[in-house]
Each structure stands twice: as structure tokens, then as C-alpha cells.
Amino acid sequence: MNDCLFCKIISGDIPSNKAYEDEKVLAFYDIAPQAPVHILIIPKEHIGSAQELSTDNNELLGHMFAIARKLASEKGLDCSGYRLVTNVGDDAGQSVKHLHLHLIGGKTLKWDN
Ligand code: 5GP
Ligand code: ZN
């Protein structure tokens, strides 16, 4: 998608600090981290949000969660715990309309909505 920020990060038009990359998925460090570890995991295919997923994406989603587990373990969060979040739409505060998993950890996280 031409005007999508995360598609521009995938293409390299906008630089990012990469944590993981393969043919299906890119993971990079959030520019405004909310915790000591804050990584975004995105599909290279443009999908607007979780609301646009179908069963065709089951394998991709499983892969995204596998990458999240791998990165969490590499960052030493597998024992302490971490949060995986995907915001959908305006009420959730989704600011970039390209599906992404936030991997957040490294401190005790609060939950206030
Ligand atoms: P959302 O609010 O859509 O759930 O999450 C979007 C995330 O993307 C935010 O946490 C924001 O800090 C991050 N973000 C926005 N622009 C950039 C950017 O140019 N580079 C990186 N690395 N992260 C970004
Ligand atoms: Zn996109």
C-alpha cells in the first residue's frame, strides 16, 4: 500500500531498527517504546488490522506468534512474562492501519483502559 507507514518500513523507504526478518514477517523496535522491550511484529503482506483476517491467514498468524515467542525468549522475557497486543480501529487507538503485534515486556505492566 502506497501510503502505509509500515509498508514503507518493509520496503526500506523508511528505516527501522530490525529485530527479525524473513520472507513473511518483519519485526522491528518501536520508535516510542512503552517498556524496556517493545517490538512490533508485522506481516509483509498489507493487512489493515486483525478485523481483516480470514482463515486464509491462519498459517501467517501462527508464524507471527512463533516469532513473538522466539523474540520474547531471546530478550529473556519467557520466564518473567510479556504482553502481546494488537489494536484494532480507532477506539483501541490503532494509529497505523497495518496489522501489528506489540511485544512488550521487561517490567511489570499495568492494565488501564
Ligand atoms: P498502534 O498505535 O497502531 O497500535 O501502534 C503503532 C506503533 O507504531 C506505535 O507504538 C508507534 O510508536 C509505532 N510507530 C509509529 N511510527 C513509527 C516509525 O516510524 N517507526 C517505528 N519503529 N515505530 C513507529
Ligand atoms: Zn501496509
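Trainee: How many helices and strands are in the protein chain?

Mentor: Helices (H or I, at least four residues) and strands (E, at least two) are DSSP runs, numbered from the N terminus. Here the protein chain has two helices and five strands. Along the sequence the pattern is α-β-β-β-α-β-β. This is a predicted model: local features need pLDDT of at least 70, side-chain atom pairs count only at pLDDT 80 or more, and totals for chains, interfaces and linings use all residues. Residues are numbered from 1 along each chain as its sequence is written, chains are lettered from A and ligands numbered from 1 in the order written, and side-chain values use heavy atoms, with hydrogens and water left out.

Trainee: What is the radius of gyration of the protein chain?

Mentor: Take it over C-alpha atoms; the globule rule is 2.2 Å times the number of residues to the power 0.38. For the pattern α-β-β-β-α-β-β, the radius of gyration is 14 Å, close to the 13 Å that the rule gives for 113 residues, so the chain is as compact as a globular protein of that length. Its C-alpha atoms fill a box of roughly 40 × 30 × 30 Å along the principal axes.

Trainee: Is isoleucine 104 buried or exposed?

Mentor: Buried means under 20% relative accessible area, exposed over 50%, partly exposed in between (1.4 Å probe, protein chains only). Isoleucine 104 has 11% relative accessibility, so it counts as buried. It lies in strand 5 (residues 101–105). In the protein chain, buried residues make up 37% of the 113 residues.

Trainee: Which residues does isoleucine 104 touch?

Mentor: Contact means heavy atoms within 4.5 Å. Not counting residues up to four places away in sequence, isoleucine 104 touches Ala35, Val37, His38, Tyr82, Arg83 and Leu109. Across the protein chain, residues 24 or more positions apart account for 53% of the contacts with a separation of 6 or more.

Trainee: Where is asparagine 57?

Mentor: Asparagine 57 is in the loop between strand 3 (37–43) and helix 2 (58–74). It is buried, with a relative accessible area of 9%. Leaving aside neighbours within four places in sequence, asparagine 57 contacts Glu45, Ile47 and Glu52.

Trainee: How many disulfides does the count come to?

Mentor: A disulfide is a covalent bond between the sulfur atoms of two cysteines. The rule asks for a pair of cysteine sulfur atoms within 2.5 Å. By this rule the count is zero. Cysteine 4 counts as buried at 7% relative accessibility. Cysteine 7 is also buried, with a relative accessible area of 14%.
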